Amino acid sequence: MTSSIKYVKPDKGQDKFRCEIFQLMASKNLCDGEIILVEEQTRFQIHKVILAACSPYFRAIFTCGMKESISGKVVIPGISKDIMTNIVKYAYTNEIEITEENVQVLLCVANRLAISSVQKMCEEFLASRLTVYNCIGIYQFSKFYACTILIRKSWSFILEHFTVVSKLSSEFLSLTCNELEEIVRDDCLNVKEEESAFLACQRWIMFEPKIRASFSKRLFQNLRIGLLHPDILDKLKKNSVTEYKASIYLSQLYKDISLYLHEMPTIFRPRIPSEVIFITGGYGLDGIMSNMETYDARTNQWFILINPAHCLRAYHGTVVLHEQIYILGGYNDNNKYYNGVHRFDIATRQWQELSPMHFSRCYVASTALNGRIYACGGHDGLQRHRAVECYHRSSNQWVLVAPMRYTRSDAGIAPLKGKLYVCGGFDGLTSLNTVEVYCAKTDQWTLLENMSTHRTGLSAVILNANLYILGGFNGQHRLRSVERYNIHEKKWSRVKPMLGRRSNFAATVLEGFIYVIGGYDGQTVISTVECYDPYNRTWSPRADILYPRSAVSATTLKSQEYARYFTFYGQKDNT
């Protein structure tokens, strides 16, 4: 991690002028003011107009009509020579050096001298270095100095990583009751199970039980007690004596829960998830679907998105990039093979048509890599091809890159560490078991060891740096088998198969779990959804999508800021 960053405020037209003014200050020429640091016994000869232009603090001093404005001498206690040197240099050059060692002191001084631009840069520096170990301390620091940017980012970080923060951070146990209460009250607290929040509160209370036991009511009033598994409360009641040393205080916790349950209107209020699945288009029972569904993992519910204008297509690609959803290629009921691309803005919930691809692509394999979108292979209505193109968001242009080694449509694709992995598919004659890898840096494709099974209509995802290949059609049967490729060991292995057979389905990763959605089971389009837990190595069913569909595409949006609208609360707000 970089320990030092030099921030330069863009001001190209003034570079020469600023350099000359700085040289005048350094040589003490034409200076009309002086900053005196009492403790350091240090004096800075400066030009009043330069400091006044940079800092409202100095502007007020030099224009107030008091003795400082006449003499030009300002005595400032409590600031070190190094920090003031940095500040003065910034006033003249727009350059400032921020390090992990000086950032907090520099922010304090910038706040004191009302230099908002320096304070903002310090806030961004600290925000870029948030970890589960320091996020609470940085949040408390930012509140003290009213750092708007840093308060928002550190708070979001705490909510996003709360389960790990509560277990690993020593700062967690030093939270005040008001601070912890504020955290567990927040709808955006990112806990997959409410048990995590419950146990965190219990751990905080037991750190100083004699003092903190009296706060239990306040904390539990803000927990979603109604979402806790009954076994947790039973365990707390029955085993408090044998499992916990401070049984008297844990017994009081259970008593508080029982007494105040009727006073807690939020006990069943779900949390807002940090990630949301979007599925678009596909073939339904009555033809191609035009709607979009979103999945809320906290309530295990699917919701229909209102007026998704550009989803009437199947065998297309859906990609999320910079909190915007791109839909590309595909096919519709009028035998139209698309090269068109549309973008759905999450913030405004508006659609925009973008530059089309070079080729029409039905059965396209698409994903995002290094801030760009890639479209591989597919069928243009006449033939399948191996062409690959890349979308540059800044220029709104598609650029052709090196073609794949194999012609393929209906393939699986997944990105990892600057490379694309394209697997299986159909070449017009047979389903494939080949896998090839594209390196964006060298613009070259290389072959990997083949999969054990030929697959078309499959899905591919990356989870924990492993490539997972799921389902598909081998030319005779729909599959439920799963293979995993270890990128580091360069070896394939079998994974527990899905509960049901499916091809032409959607797959995506949500909060560390693989979700497979819809598809075709060999007889009909299906609505079932399964979830794979890589830690327990098990598949389990989730709520069915609202409309059965195959040839469907999915992506995961990671943005709690916008998740509300597309999940439980968004639906509630719109009714």
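This is a predicted model: local features need pLDDT of at least 70, side-chain atom pairs count only at pLDDT 80 or more; totals for chains, interfaces and linings use all residues.
Reader: Where does Glu436 sit, and is Glu436 buried or exposed?

Author: Glu436 belongs to strand S21, which covers residues 435-439. Buried means under 20% relative accessible area. Glu436 has 0%, so Glu436 counts as buried.

Reader: Which backbone atoms does the side chain of Glu436 reach?

Author: Look for N or O pairs within 3.5 Å. A polar atom of the Glu436 side chain lies 2.7 Å from the backbone nitrogen of Arg405. The backbone nitrogen of Tyr406 is reached at 3.2 Å.

Reader: Which residues surround Glu436, leaving aside its neighbours within four places in sequence?

Author: Its contacts include Met404, Arg405, Tyr406 and Arg408. Leu420, Tyr421 and Val422 are also among them.

Reader: Now the salt bridges. How many does the structure hold?

Author: The structure holds 15 salt bridges. The test is a side-chain nitrogen of Lys or Arg within 4 Å of a carboxyl oxygen of Asp or Glu. One of them joins Asp187 and Arg269, at 2.6 Å from N to O. That pair links distant parts of the chain, 82 residues apart. Asp187 is in the loop between helix H11 and helix H12. Arg269 is in the loop between helix H17 and strand S6.

Reader: What does the salt bridge between Glu194 and Arg271 tie together?

Author: Start with the distance. The closest N and O atoms of Glu194 and Arg271 are 2.7 Å apart. Glu194 lies in helix H12 and Arg271 in the loop between H17 and S6, so the pair ties together parts 77 residues apart in sequence. Glu194 is buried, with 5% relative accessibility. Arg271 is buried too, with 2%.

Reader: Where do Arg549 and Glu293 lie?

Author: Arg549 and Glu293 form a salt bridge, with their closest N and O atoms 2.7 Å apart. Arg549 is in the loop between strand S30 (538-542) and strand S31 (553-558). Glu293 is in strand S9, residues 292-296. The pair links distant parts of the chain, 256 residues apart. Both Arg549 and Glu293 are buried.

Reader: Which residues are linked in a network of salt bridges?

Author: Glu181, Arg185 and Arg218 are linked in such a network.

How values were computed:
Residues are numbered from 1 along each chain as its sequence is written. Side-chain values use heavy atoms; hydrogens and water are left out. Helices (H or I, at least four residues) and strands (E, at least two) are DSSP runs, numbered from the N terminus. Buried means under 20% relative accessible area, exposed over 50%, partly exposed in between (1.4 Å probe, protein chains only). A polar contact is a pair of N or O atoms within 3.5 Å; within protein, one must be able to donate a hydrogen and the other to accept it, and residues adjacent in sequence count only if both atoms are side-chain atoms. Contact means heavy atoms within 4.5 Å.
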